[in-house]
Amino acid sequence: MTTYTVLGSAREEERLIGEFAADVARGLAAEPKSLPCKYIYDERGSGLFSRIMDLDVYYLTHCETEILETCKDSICERAWSRGLNVVELGAGDGKKTKILLGHLIERRLGFNYVPIDISESAVRDLTRDLRTSMPEMETHGLVAEYMSGIRWLSSNNQGGNLVLFLGSSIGNFSPAGARRFLRSLRQSMGGDDRLLMGFDLVKDVRVMESAYDDPEGVTALFNLNMLERINRELDGRFDIGAFRFRSGWDPESMAIQSCLVSTGEQDVRIEGLDLTARFARGEAIHTESSYKFTVEAVEDLAAASGFEPVEFYFDSRAYFLDALLKPLP
């Protein structure tokens with residue numbers, strides 16, 4: 001059976017819309033201006049991100065695919081338990097995950113797959129695809145933010161859980177935010193559960209910067225979708241052509257920092273917020289931080305969050321790390 005559910009009621013939908021409006025109002029009034037990157041991922045943004053993942057310069061996808069292909073036997077042996085739920089946070093289009101799912105099916109290991117994503121279109125399309133491509137697998141998708149997904153995990157912790165958090169999504173959290181998030185996840189996991197999490201490792205700056213500012217301009221469109229969403233949902237008046245995308249490595253924060261820069265002085269009216277945002281020439285809206293890791297930093301983060309390593313899996317160039325972790329007692 002393949003289904004999906006949107007967590008929450010109409011009241012919850014109203015809350016999320018109100019949260020989006022409040023975050024936009026607060027972010028555009030701040031100094032410097034900043035908008036949470038999660039709001040890029042509406043239906044259009046999720047589609048653009050799928051295009052990014054297919055780009056040659058976006059090495060993260062290729063490296064993690066290599067890891068899952070070469071290490072799927074070890075991952076499944078070390079993570080599988082009877083009655084397993086494979087719970088994926090931020091499932092997206094599920095292309096990489098299908099490597100593990102297909103391997104579990106081939107080995108006739110009984111399991112259920114629970115993809116969780118903030119984008120309803122992503123969950124809808126993924127469950128529709130799996131209904132055809134993997135009909136023997138029980139799938140129940142959830143449209144929810146990470147924390148709602150974690151609460152679901154906590155209340156449905158029957159059998160073992162293999163939690164997937166792939167693609168270096170943890171790099172979108174600040175260091176403190178990553179610890180808080182993983183501690184919350186730890187509290188929702190049982191002692192026999194396992195977490196497989198992707199980490200993008202520090203490497204040649206040119207390689208990292210190319211991945212986040214591709215020559216085709218897809219990443220720029222992805223970030224600009226934030227402004228387009230404000231126009232669509234909050235009756236904004238952003239002139240998209242009056243902003244340019246900028247991204248680069250910041251060694252102090254150990255992150256690729258991305259922003260949208262105003263090309264001139266301008267006032268932007270957002271009717272839904274009864275707000276006018278003023279921009280100086282060259283003023284930026286921070287849209288995303290993509291933190292990178294050393295192996296030591298991964299070990300420290302795991303320990304500080306209540307996990308210990310079971311195994312570290314690297315691609316052939318050691319660009320990327322998938323860490324299989326288990327909860328500390």
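A residue is called buried if its relative accessible area is under 20%, exposed if over 50%, and partly exposed in between, for a 1.4 Å probe and protein chains only. The structure is a predicted model, in which local features need pLDDT of at least 70 and side-chain atom pairs count only at pLDDT 80 or more, while totals for chains, interfaces and linings use all residues. Residues are numbered from 1 along each chain as its sequence is written, and side-chain values use heavy atoms, with hydrogens and water left out.

**Exercise 1.** Classify the pair formed by the rings of phenylalanine 20 and tyrosine 39.

*Solution.*
Step 1. Rings of Phe, Tyr and Trp (its six-membered ring) pair if their centres lie within 6.5 Å; planes under 30 degrees apart count as stacked, over 60 as edge-to-face and the rest as tilted. The whole structure holds 13 aromatic pairs.
Step 2. The centres of phenylalanine 20 and tyrosine 39 are 4.8 Å apart and their planes stand at 50°, so this pair is tilted.
Step 3. Phenylalanine 20 belongs to helix H1 (residues 10-29), whereas tyrosine 39 lies in the loop between strand E2 (33-34) and helix H2 (43-53), 19 residues apart. Helices (H or I, at least four residues) and strands (E, at least two) are DSSP runs, numbered from the N terminus.
Step 4. Phenylalanine 20 counts as buried because its relative accessibility is 3%; tyrosine 39, at 6%, is buried as well.

**Exercise 2.** Determine which residues of helix H10 are buried and which are exposed.

*Solution.*
Step 1. Within H10 (residues 295-304), the buried residues include Val298, Leu301 and Ala302. These cover an arc of only 100° around the axis, taken from the directions from the helix axis to the C-beta atoms, which puts them on the same side of H10.
Step 2. An α-helix has 3.6 residues a turn, so residues three or four places apart point the same way.
Step 3. Glu296, Asp300 and Ala303, on the other side of H10, are exposed.
Step 4. The buried residues of H10 pack (heavy atoms within 4.5 Å) against helix H7 (175-187) and strands E7 (194-200), E13 (307-314) and E14 (320-327).

**Exercise 3.** Describe how strand E7 pairs with E6 and with E14.

*Solution.*
Step 1. Two strands pair if DSSP finds at least two bridges between them.
Step 2. Strand E6 (residues 161-165) runs parallel to E7 over four bridges, and methionine 197 in E7 is the bridge partner of phenylalanine 165.
Step 3. With E14, E7 pairs in the antiparallel sense over six bridges; here glycine 198 stands opposite aspartate 322.
Step 4. Seven of the seven residues of E7 are buried.
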